[in-house]
Amino acid sequence: MVHEAYAGTEATIFVDAPGKPARTVLRNIALVYTRLQFDERMNDLLRVVIAEVPSAPHLAREVYENGVLERYRQLQAVVDSLVARGELKPHDTQSSALHLAGIVKEFVVWPSLFALDFKPSEDMDRKLEACIDAYLDIYAARPFERDRIQENIRGT
C-alpha cells in the first residue's frame, strides 16, 4: 500500500513552463502539490507513517526518501530552471526550494496532519499566494508585480 501511495513521484510532477512567469510556474506547482496532498490522499499516508514510526522506522525512511525528498529534488530542478532563464536571481536553490516547501507546509500541510476532520480551508488559495509572494519577494530577479486580483482579495 505504501509503495503504491507514492508510486509515480519518481516521475517529474513539478515542471517549469517555459515562457511563463515564475509566479505562474510556482502557482501551478502549488496546485499539483495540494492535489497530491489532499485529493490523492498523501495526507492519509503521512498519518499512517507517523503513527507507525516506532514499530516500522524503515517505512518512514522509505516514504521520506522516495516521496518527500523526491519532491524537493523536483522543486529544486524547477527553481534552477527559473534561475537559468532569469526569472529568479542566482542563489542557493537547494535551500530556497526547502524554504518554499517549508512555508507551504506550515500553512497547508501541518494543520491538516493533526486534525482528524480536516478539510482544506476556503482561503487555501490565498495562503498559497501569500507563500509564493514571500518567496518572490526574496528571490525574484526583478521586483514582481502582485496580481491586482490578489491585492483586492487581501484588501491592499
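Both Y135 and Y139 are buried, a term that denotes under 20% relative accessible area, with exposed meaning over 50% and partly exposed anything in between (1.4 Å probe, protein chains only). The model is predicted, so that local features need pLDDT of at least 70 and side-chain atom pairs count only at pLDDT 80 or more, while totals for chains, interfaces and linings use all residues. Residues are numbered from 1 along each chain as its sequence is written, and side-chain values use heavy atoms, with hydrogens and water left out.

Y135 and Y139 lie four residues apart in helix α6 and are therefore separated by about one helical turn; helices here are DSSP runs of H or I with at least four residues, numbered from the N terminus. The count of aromatic pairs comes to one. In that pair, the ring centres of Y135 and Y139 are 4.8 Å apart and the planes stand at 45°, so the pair is tilted, given that rings of Phe, Tyr and Trp (its six-membered ring) pair if their centres lie within 6.5 Å, and that planes under 30 degrees apart count as stacked, over 60 as edge-to-face and the rest as tilted.

Y135 and Y139 are also among the residues touched by S96, together with V79 and H91, when residues up to four places away in sequence are not counted; contact means heavy atoms within 4.5 Å. S96 lies in helix α5, residues 93-113, and is buried, with a relative accessible area of 0%. Other buried residues of α5 include A97, L100 and V104.

Methods. Helix = DSSP H or I, 4+ residues; strand = E, 2+ residues; numbered from the N terminus.
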